[in-house]
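Please open the structure in a viewer and keep its sequence at hand. The stops below are meant to be selected one after another.

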Amino acid sequence: MSYLDHIKACNNANLSRYARFRIGNAPLGAVRSDFANALIGLGGDFVRDENGEFGFARHIQTPAQRNDTLHRATVQLCGTGHIRHLHGERFDVRASLSEAPLCQLDRFAMPHFGFRSWGVHMNGYVRKSDGLHMWIAKRSQDKPTYPGMLDNMVAGGQPAGLGFRENMIKECAEEADIPSSLADGLQAVGTVSYLYETDEGLKPDVMVNYDLELPETFEPRCADGEVERFDLLPVAEVAEIVRSGFDFKFNCALVIIDFLIRHGYLTADNEPDYGDLITGLHRDINR
């Protein structure tokens with residue numbers, strides 16, 4: 001196994017199985033045929049055009065109208081079993097960060113429509129006399145998604161109405177009991193993107209990443225029950241866990257690989273797949 005296997009695993013989507021979902025002229029999502037048929041079956045709010053692409057009917061023009069339509073549709077489709085369950089937290093649907101949201105959708109319904117989700121992930125690390133160590137979270141066994149898997153120290157989806165840094169600081173407090181006095185040291189370090197296919201649909205997602213150097217005296221606390229425990233591990237041990245298996249939640253492994261590259265643990269001299277890792281961490285998610 002290699003680091004590159006994680007890139008491949010996170011970019012497993014077969015786009016031939018999907019039809020575009022457009023909002024206006026923008027191709028914002030993609031739907032499978034069974035889910036598309038379920039949308040059409042709800043009535044006249046969703047339409048299929050002559051090219052086989054999907055979108056809202058003409059009478060649905062404003063963000064508020066789209067939100068109402070999506071809310072009604074997802075509740076109905078949850079009742080019919082096309083969506084297993086809803087979360088209750090809404091994510092923005094937008095073409096890019098520079099553009100205003102076109103609508104909002106329950107976070108658990110995002111893959112069914114193939115809309116892009118954003119999230120925040122944080123690498124918490126400590127400088128010790130024998131080198132860098134990373135705080136690694138182990139997800140609770142009762143988490144509805146990826147229970148018991150390894151995770152970045154703090155991570156979360158990006159809900160509507162919050163800035164990315166604001167959300168990251170909130171998640172630091174909620175998940176690891178990191179006080180704002182320490183969270184203020186967050187360093188924005190870029191993004192990782194991928195095109196992942198799940199049982200529910202397509203995840204053309206972007207993770208906005210942060211590093212946070214923490215003092216040796218700080219110990220995180222499992223504050224909201226989503227994490228079973230935190231372990232402080234030497235970076236070399238974390239790197240080997242990622243390189244040799246799939247113990248980490250699928251997208252969290254990419255955040256670790258990005259950290260290893262940025263901090264000089266993976267280089268063009270010691271990693272034969274270095275070039276492919278660099279490009280693979282930044283998938284063109286519009287393809």
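In what order do the four strands of the open sheet lie, and what is their pairing? The order is β2-β1-β4-β3, and the pairing is mixed. Before selecting anything, note that this is a predicted model, in which local features need pLDDT of at least 70 and side-chain atom pairs count only at pLDDT 80 or more, while totals for chains, interfaces and linings use all residues. Residues are numbered from 1 along each chain as its sequence is written, and side-chain values use heavy atoms, with hydrogens and water left out.

**The sheet**

Select β2 (26–32) and β3 (46–48), the edge strands, each of which pairs on one side only. Strands here are DSSP runs of E with at least two residues, helices are runs of H or I with at least four, and both are numbered from the N terminus; two strands pair if DSSP finds at least two bridges between them. From one strand to the next, the twist averages 30°; axes are lines fitted to C-alpha atoms, for helices over the stretch in contact, and angles between N-to-C directions run from 0 to 180 degrees.

Arg-20 has Ala-30 in β2 as its bridge partner.

Then display helix α2 (residues 33–40), which packs on the sheet and touches β1, β2, β3 and β4 (54–56). The direction of α2 makes about 105° with that of β2. Contact means heavy atoms within 4.5 Å.

**The nonpolar cores**

Now move to Phe-248, Leu-254 and Ile-257, the residues with the most contacts inside the largest nonpolar core, which has 33 residues. Such a core is a set of buried Ala, Val, Leu, Ile, Met, Phe, Trp, Tyr and Cys residues joined through side-chain atoms within 4.5 Å. Buried means under 20% relative accessible area, exposed over 50%, and partly exposed in between (1.4 Å probe, protein chains only). Helix α8 (250–262) is one of the elements that each supply at least two residues, and α8 gives the most, with 10 residues.

Centre on Leu-254: beyond its neighbours within four places in sequence, its contacts include His-6, Val-192 and Leu-281. A second, separate core of 25 residues includes Val-31 and Met-110.

**The cysteines**

Finally, select Cys-103. The structure holds zero disulfides, a disulfide being a pair of cysteine sulfur atoms within 2.5 Å. The closest cysteine sulfur to that of Cys-103 is in Cys-78, 18 Å away and therefore too far for a bond.
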